[in-house]
Amino acid sequence: MYSKISINGIIETVTGLHIGTGGEFSAIGAADSPVIRDAFTGNPMIPGSSFKGKLRTLLARDMAASYNEIAKSYDDDRPEILSLFGGVKAPGKLIFSDMFMNNSEELASLGINTPTEIKFENNINRLSAVANPRQIERAIRGCKFDLMIVYEVRSEEEICNDFEIITRGLKLMEYDYLGGNGSRGYGRVKFLNLSAESVIGNENGELDGILEKCNAMLKDVCNEI
């Protein structure tokens with residue numbers, strides 16, 4: 001039976017989030033490091049590739065026997081990670097969508113008309129004590145983004161084990177950070193209203209019991225913080 005399961009929910013910023021644009025030219029007076037934005041709304045967004053890469057990295061670290069044994073290449077990841085995220089030789093079971101802001105009107109009702117802020121940072125030369133200031137743009141705390149991950153069912157027997165890995169990664173992310181400058185307090189996030197539903201296949205309810213277990217795991221992530 002060919003099936004796909006959609007994992008949906010909300011990712012909310014707990015602290016300012018910076019995911020950059022790749023270092024394009026900044027005009028005089030503009031932020032040195034702007035955030036990536038949705039071209040249609042102008043609001044900050046979270047690329048699916050950024051989320052996927054962070055989730056994969058966290059799981060690779062978590063599954064390694066020691067820090068020195070973390071896989072240096074994606075293709076050297078453990079089979080469980082390769083199965084979910086893919087490699088050069090084979091695609092993974094997971095598809096990550098870009099995430100767009102969904103609460104602009106909510107913020108506007110609170111008098112917040114722009115979802116970004118400029119954070120001033122200084123790098124201090126330890127020998128000369130000269131400061132090198134820079135301006136970093138961040139999505140403010142309280143921004144909410146629609147999360148959608150599609151899981152391809154290849155074996156019913158693998159679903160629960162795969163969801164244990166996925167939910168473990170989501171929990172790890174809540175205690176780590178997304179984007180840049182995490183050691184400076186940026187990028188803490190939390191997950192809300194996570195749920196899984198069959199979107200292709202399962203016409204006769206063969207996956208209902210498995211989906212119930214998966215949703216219990218996702219609910220546990222939402223209760224983590």
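Which residue in β7 does glutamate 12 stand opposite? Glutamate 12 faces lysine 144 of that strand.

This report describes a predicted model, in which local features need pLDDT of at least 70, side-chain atom pairs count only at pLDDT 80 or more, and totals for chains, interfaces and linings use all residues. Residues are numbered from 1 along each chain as its sequence is written, and side-chain values use heavy atoms, with hydrogens and water left out.

**The sheet**

Helices (H or I, at least four residues) and strands (E, at least two) are DSSP runs, numbered from the N terminus. Four strands form an open sheet in the order β3-β7-β1-β8, and their pairing is antiparallel. The edge strands, each of which pairs on one side only, are β3 (94-96) and β8 (189-200). On average, neighbouring strands of this sheet are turned by 20 degrees against each other, direction ignored. Two strands pair if DSSP finds at least two bridges between them; β1 (residues 3-13) and β7 (residues 144-153) are joined in the antiparallel sense over 10 bridges.

**Helices on the sheet**

Axes are lines fitted to C-alpha atoms, for helices over the stretch in contact, and angles run from 0 to 180 degrees between N-to-C directions. Contact means heavy atoms within 4.5 Å. Helix α4 (residues 159-174) lies across β1, β3, β7 and β8 and runs at about 160 degrees to β8. Helix α5 (residues 208-222) also packs on the sheet, where α5 touches β1 and β8, with a direction at about 165 degrees to that of β8.

**Helix pairs**

Two packed helices are described by the angle between their axes and the distance between the axes.

| Pair | Angle | Axis distance |
|---|---|---|
| α4 and α5 | about 10 degrees | 9 Å apart |
| α1 (residues 48-63) and α4 | roughly 100 degrees | within 9 Å |

Angles under 35 degrees count as roughly parallel, over 145 as roughly antiparallel, 65 to 115 as roughly perpendicular and the rest as oblique. Helices α4 and α5 are therefore roughly parallel to each other. Their contact includes Phe163 and Leu170 from α4, with Met217 and Leu218 among the residues from α5. This contact divides into 9 nonpolar, 1 polar and 5 charged residues, where Ala, Val, Leu, Ile, Met, Phe, Trp, Tyr, Cys and Pro count as nonpolar, Asp, Glu, Lys and Arg as charged, and the others, Gly among them, as polar.

The crossing of α1 with α4 makes α1 roughly perpendicular to α4. Among the residues in contact are Phe51 and Leu55 of α1 and Ile165 and Leu172 of α4. By class, the contact of α1 with α4 has 9 nonpolar, 1 polar and 3 charged residues.
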